[in-house]
Amino acid sequence: MRLSIGAIIKYLALANGVGFVGAQSAVNSASPALASGNVTSPSPPIPKITDPASLVNAFIGTTNGGHVFPGATLPHGMIKAGMDTDSPGNHAGYDGDPTFNVTGFSQLHDDGTGGAVPLSNFKLFPFLQCSTFEKCPTSMANRKILRRVLPNGLPDDAASPGYFSTNLSNSIRVELTATRRTALHRYTFPAGTTNPRILVDITNDGQKSSTNPEMTLDPATARVIGGASFSASFGPGRYSAFTCVDFKADGYTLGSPTEYGVWLSNFPVRGSTNLLQTYYGFVSEMGALFTFSPAPGGQATSILARVGVSFISSAQACANAQEEIPDFDFDNVHASNRAQWNDLLSRVQVDTTGVDLETTQLLYSSVYRTHISPADYTGENPKWNSTEPYFDSLYCNWDTYRTLYPLMSLHDPITFSRIVRGMIDIQKHEGWLPECRGATAMHFIQGGTNGDPILGEFFVKFQQQAKALNVSPTDLYNALLADAEIQSPNWNLQGRQADLWKQLGYIPQDMFDAGGANTKQVSRTLEFYANGSQYLNRAGNFINVWNPNISVPGSPNIVGMMQPRFANGTFNFTDPRHCSIHDPTSATCFLNAADRDGFYEDNAKLIELQGGVESFITRLDFIFEQQYFDSTDEPSQQMPFMYHYANRPGLSTQRSRQVIAQFFNTSRNGLPGNDDSGAMGSYAAWYLLGMYPLPATNQVLLSSPYFPQISFFNPLFNTTTTIVSKGFTGNPADGTGGNVFVKSVTVNGKPYKSNCYLDWDVFISGSVVELTLTNDITMTCGSGKDALPPSLSTGGYN
């Protein structure tokens, strides 16, 4: 058959892993113009939450491996100014456990990542007193200090969108705020301080990986310029970063520093102004140290430090700082930052009647973390010149494509469009869409190309607005086509092992290509969904690694598994318990040379393969009851909603609510695992909003929200969509039972075709969706022919 470029794009963009193949057009009927003014107001109106930033708890997930960044940043800002600690889990610098020491306050971080510690570049550190300038303990191991501890045992830290502060155990107070490429610090020394000193650390990133450092300081102004080369977090690459630091007193005239010099390890060299004046080695710790005049009259001394950062040069770092914070006005920068966060967060509104404060805080905190990454590095790409946006900290797409970008579709599509433009520009210059990327360097990937469903999500939802958003459908199509058809010379870093996939319809376990690791064959087969007419056929290739004869040891009724396969068509064997808590070998399945894990797709076909609806439900129950469900890992995120496809949405509602009750809360260890660049935050937000997205499709699975009314404002369509829960009586604490099951759905007062999903046109036009709730868990999707959510094999994505 002959397909339009739009149809081919939709099929090419098929989501990998537990995503969905194909995509119905986002606009089945006439859509509003770019700013139609067609706003549908909720009825009755609810009080608007005007300061949702006040409901954000930035410390959720800052212990217990969540690796959440709680510092100061703008939405998708490049600068992420925050505290660094000596915690072994300091991937975002910070740790909420007060037993760990502070090692500095650096300018760049990622949120919720694994791998080696990323970024944490250009730390500043204040000294209350040293016996002499030369005796200041400048190395990280010697300068570190504890925080003040509150009576409740928590560190004396505070954070909100765009702001972070701490009180150190020596009574120095540190405050941080940020613009896109510049951080502003305020160090307040206690009254009576005679020699306030501040250190600038050029070399110590999170991995202590710096080489080729450069730095000079100005003895008259205390300006520091410098940079170094650093190691990538999750790959073989390196990157260069540069900084420009200026100081100014808050409330008095600072003047020139009274003492200055380069420091090397624990040895400040008074009067030196350049690293070249010291004998440094391959990974030496180095930077600048200043002593400043205190505030007059013995009062508390506040010194501001403006820290510009660039991936181009120190001169550009200085230009960034001067452009973004010309007047060192801390309170103004903070207020402007918070206003941007409030504008973004207030697009999601909820009625909090009958809802506990923690649930509301959990929602807004989760939406907040959706917008920490990826980071807007526009103007800071050292690899090529371009007028297109450039986004980095894509760490990694296989985690974020499921829930983060679909949440952006609801309320922040313009930023989403800029991310898509940046990804297409990377493909134009590097050959393939980025899959995992940090600090401008390629990172290791897991075999698929999950940039495809991200581009597909955008095009399916916004194809009619693409031109106005400066997204070329032709360029988007060519980027997807490159991923689908052109084999990368190194699929450990970009692209995929496409040739064998196209030849056999799966990745065989016993054939080796020179372009990457011969591992994860099942997983990579399942991640290589593509489409068009030929791509539509390829999307069904997951069945080629389905072995109907494999059962779970000890559970003979759980039959049929994805298995590795040889080139001659015969199956190898992987224990179905592999990578789970029941794995007899205790394999973790972290990305390594022996990794053989995988997951699967096409739900209607899966039900058929597994013996029908009742067998499918039995298997899902088995997964949860035997704890195969892994709350820490994104491939499990859709599992609680899979009951929808068996016409048992009440079970989905209960399972998803039990997940929130068991694994998510507002404490510092309130995440089950890494936040994964906001993947866990957006996931929790969807559950709390009573939905689950099907990326790169026209459908959103529907459950019941945790609020009697929710609404989403989409600035691209200039419309507001409202979901009202009739009969809302609250949320069961353990997620079990309650008046939370959807009995019927109306859209704009008319009965809707399904109780289990909404089409995207509901959100385009700005609709009022009314859910009638019941305590009957046996409710179904409805009786109409379109009641069940579509699947590829049922023809639902035409």
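Predicted model: local features only at pLDDT ≥ 70, side-chain atom pairs only at ≥ 80, totals over all residues.
A222 has 0% relative accessibility and therefore counts as buried, the limit being under 20%. The protein has 798 residues, of which 64% count as buried, and its chain forms 18 helices and 30 strands.

**Overall build**

- The protein exposes about 26100 Å², and carbon and sulfur atoms supply 51% of this area.
- Among contacts between residues at least 6 apart in sequence, 71% join residues that are at least 24 apart.

**Residues with positive phi**

- Most residues other than glycine have a negative phi, and most peptide bonds are trans.
- A222 has a phi near 70°, a positive value in a residue other than glycine.
- The loop between strand 9 (211–217) and strand 10 (224–231) holds A222.
- S393 is not a glycine either, yet its phi is positive at about 55°.
- S393 is placed in the loop between strand 18 and helix 6.
- With a relative accessibility of 3%, S393 counts as buried, because this value is under 20%.

**Cis peptide bonds**

- The peptide bond that runs from S373 to P374 is cis, and its omega is near -5°.
- P374 belongs to the loop between helix 5 (357–369) and strand 17 (375–376).
- Y395 and C396 are also joined by a cis peptide bond, with omega about 0°.
- C396 is found in the loop that lies between strand 18 (391–392) and helix 6 (397–400); the loop between strand 18 and helix 6 is also the place of S393.

**Helix 9**

- Helix 9 covers residues 451–462, which makes 12 residues.
- From its first C-alpha to its last, helix 9 reaches 17 Å, close to the 16 Å expected at 1.5 Å a residue.
- Since 12 of the 12 residues of helix 9 are buried, this helix is largely enclosed by the rest of the structure.
- The buried residues of helix 9 include D452, E457 and K461, as well as I454, L455, F458 and F459.

- C244 in strand 11 (residues 238–249) and C318 in helix 3 (residues 314–324) are 74 residues apart, and their pair links distant parts of the chain.
- The link of C244 and C318 is right-handed, with 95° about the S-S bond, and C244 and C318 are both buried.
- C396 lies in the loop between strand 18 and helix 6, and C436 in the loop between helix 8 (413–430) and strand 19 (437–438), so the pair ties together parts that are 40 residues apart in sequence.
- C396 is buried, with a relative accessible area of 2%, and C436 is buried with a relative accessible area of 2%.
- C756 and C781 form a disulfide in which the sulfur atoms are 1.9 Å apart.
- The torsion about the S-S bond of C756 and C781 is about -85°, so this disulfide is left-handed.
- C756 is in the loop between strand 28 (750–751) and strand 29 (757–759), and C781 is in the segment after strand 30 (768–774), 25 residues apart.
- C756 and C781 are both buried.

How values were computed
Residues numbered from 1 in each chain as written. Heavy atoms only, no water. Helix = DSSP H or I, 4+ residues; strand = E, 2+ residues; numbered from the N terminus. Expected span 1.5 Å × (residues − 1). Buried < 20%, exposed > 50% of the residue type's maximum accessible area, 1.4 Å probe, protein only. Contact = heavy atoms within 4.5 Å. Areas by Shrake-Rupley, 256 points an atom, 1.4 Å probe, with all protein chains shown as cover. Disulfide = S-S within 2.5 Å.
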